[in-house]
Amino acid sequence: MKGVLLLNLGSPDSPTPKDVKPYLDEFLMDERVIDVNKVLRNILVRGIILQTRPKKSAEAYSKIWWEEGSPLIVISERFTEKLKKHTSMPVALGMRYGSMTIKNAMQELKDKGVDDVMIVPLYPHYAMSSFETVVVKAMDVQKEFFPNMKLTTLPAFYKNPDYIKVLSESISEALEGFDYDHILFSYHGIPERHIKKSDPTKYHCKIDGSCCFTNSVAHHTCYRHQVYDTTELVKAELGLIEEKVSSSFQSRLAGDPWLKPYTDYEFERFPKEGKKKLAVITPAFVSDCLETLEEIAMEGKEQFLEAGGTDYIHIPCLNDRDSWVELMAKWVNNWERTGTLPHS
Ligand SMILES: C=CC1=C(C)c2cc3[nH]c(cc4nc(cc5[nH]c(cc1n2)c(C)c5CCC(=O)O)C(CCC(=O)O)=C4C)c(C)c3C=C
Ligand SMILES: [Fe+2]
Ligand SMILES: [Fe+2]
């Protein structure tokens, strides 16, 4: 029997340093997130980052936490419940880090008689530290605990025409009545090194060049190419003016160079260039979370207004929007009926 496993990265159990610390430990000790050798990762994460970050992160989480829990978890649960109403297959939700484990979610499916699972990483773009890590974890768990379960992965959907339509529709709704000077597509950043590492050709990715705009098989796993594609496709779908749209990268950790331009630098720069009314969209995430609600909707707004901006909106993620749930239902139900995937 077929079933669906929705996967996201996860949140701490509460916005306190006591619960944030083990969550951050699991997150940052992941070799696909901090991709240095184990000894160095241990020193970096446990010896340095975890000495101060849990308190800071807990404060940030406290600002966005809902009565029902972490927004990322609550929204993912709402999405799951809605999807269940659109399919006859069992649907479960698992998280890469934290207490809502992938193992429990797979057990839930197995208990309902499921042995053929579509895994759905809730990320439109491929990155080692998001899409790849949830898929590899799901495969490891399957091998160890559910050897008779078959897994099929929904590919990154960053350029799927139906997804672009749903995303564009959500953007145009949010922009209604907002006379913007500029729309910024702010994507979660990753270290530059990661896109070189994910390049299967080992020669295509040049970081600073125009590699992302020339055809290559490397783009199947190139996060930067994929996010630029999403921006371009939405721009075309909505007929947006070239000069009024750009992309940037947020949420970097100190140390390595990360993908540029950095979102916080753009918040400083725009008002000086006369772009004082700004709309920010965060399409690397399908659910609002710490990185959108705190970093963009709160901190980003403050920074932009302090730099001389006058008007600022953060456009919500797709969350549990009906058209998004219906699109996911179309993909999974089609796979149930025909065994085919919507895009590759
Ligand atoms: C597009 C999705 C994501 C990518 C790519 C990604 C890369 C990445 N993240 C970190 C470090 C942290 N990320 C944190 C939170 C966080 N990250 C994502 C998504 C991506 N991360 C989400 C959805 C969230 C929010 C979870 C929530 O509970 O709302 C955190 C924890 C919070 C904090 O302390 O800032 C860290 C740490 C790295 C290093 C990285 C790429 C290498
Ligand atoms: Fe992150
Ligand atoms: Fe590229």
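Start with the open sheet, which has 4 strands in the order S2-S1-S3-S4 and parallel pairing. Select S2 (91-95) and S4 (150-153) to see the edge strands, each of which pairs on one side only. Look along the sheet for its twist, which averages 30° from one strand to the next. Everything seen on this tour belongs to a predicted model.

**The strands of the sheet**

Next, select strand S3, residues 116-121, together with S4: the two run parallel and are joined by 4 bridges. At Asp116, look across to S4, where Lys150 stands opposite. Helix H3 (residues 71-84) packs on this sheet, where it touches strand S1 (2-8) and S2. The direction of H3 makes about 165° with that of S2.

Pick Leu6 and find its bridge partner in S3, which is Val120. How many of the 6 residues of S3 are buried? The count is 5, so the strand is mostly covered, as a residue is called buried if 20 or more other C-beta atoms lie within 10 Å of its own. Strands of a sheet pair through backbone hydrogen bonds, either parallel or antiparallel.

**Helices H4 and H5**

Now select helix H4, residues 102-111, and helix H5, residues 128-145. Their axes come within 10 Å and cross at roughly 60°. That angle makes H4 oblique to H5. The crossing in which H4 passes H5 is right-handed. To display the contact, show Ile102, Lys103 and Met106 on the H4 side, and Lys137, Ala138, Val141, Gln142 and Phe145 on the H5 side. Coloured by class, the residues of this contact divide into 5 nonpolar, 1 polar and 2 charged.

**Helices H6 and H12**

Move on to helix H6 (residues 161-175) and helix H12 (residues 322-338). Here too the axes come within 10 Å, and they cross at roughly 170°. H6 and H12 are therefore roughly antiparallel to each other, since an angle over 145 degrees counts as such. From H6, the contact takes in Asp162, Tyr163, Val166 and Glu169; from H12, Ser323, Trp324 and Leu327. By class, the contact of H6 with H12 has 4 nonpolar, 1 polar and 2 charged residues.

**Two prolines**

Select Pro257, in the loop between strand S6 (245-250) and helix H9 (263-272). Is Pro257 buried or exposed? Pro257 is exposed, because 10 other C-beta atoms lie within 10 Å and a residue with 12 or fewer counts as exposed. For a distance across the model, draw a line from the C-alpha atom of Pro257 to that of Ile164: the separation is 30 Å, and the two residues are 93 residues apart along the chain.

Finish at Pro271, which is found in helix H9. Pro271 is partly exposed, with 19 other C-beta atoms within 10 Å. Which residues does Pro271 touch, not counting those up to four places away in sequence? They are Lys276, Phe304, Ala307, Gly308 and Gly309. For Phe304, the C-alpha to C-alpha distance from Pro271 is 7.4 Å, while the two are 33 residues apart in sequence.

Definitions and conventions: Residues are numbered from 1 along each chain as its sequence is written. Chains are lettered from A and ligands numbered from 1 in the order in which they are written. This is a predicted model: local features need pLDDT of at least 70, side-chain atom pairs count only at pLDDT 80 or more; totals for chains, interfaces and linings use all residues. Axes are lines fitted to C-alpha atoms, for helices over the stretch in contact, and angles run from 0 to 180 degrees between N-to-C directions. Angles under 35 degrees count as roughly parallel, over 145 as roughly antiparallel, 65 to 115 as roughly perpendicular and the rest as oblique. A crossing is left-handed if the near helix is turned anticlockwise from the far one by less than a right angle, and right-handed if clockwise. Two residues are in contact if their C-beta atoms, placed from the backbone, lie within 7 Å. Ala, Val, Leu, Ile, Met, Phe, Trp, Tyr, Cys and Pro count as nonpolar, Asp, Glu, Lys and Arg as charged, and the others, Gly among them, as polar. Two strands pair if DSSP finds at least two bridges between them.
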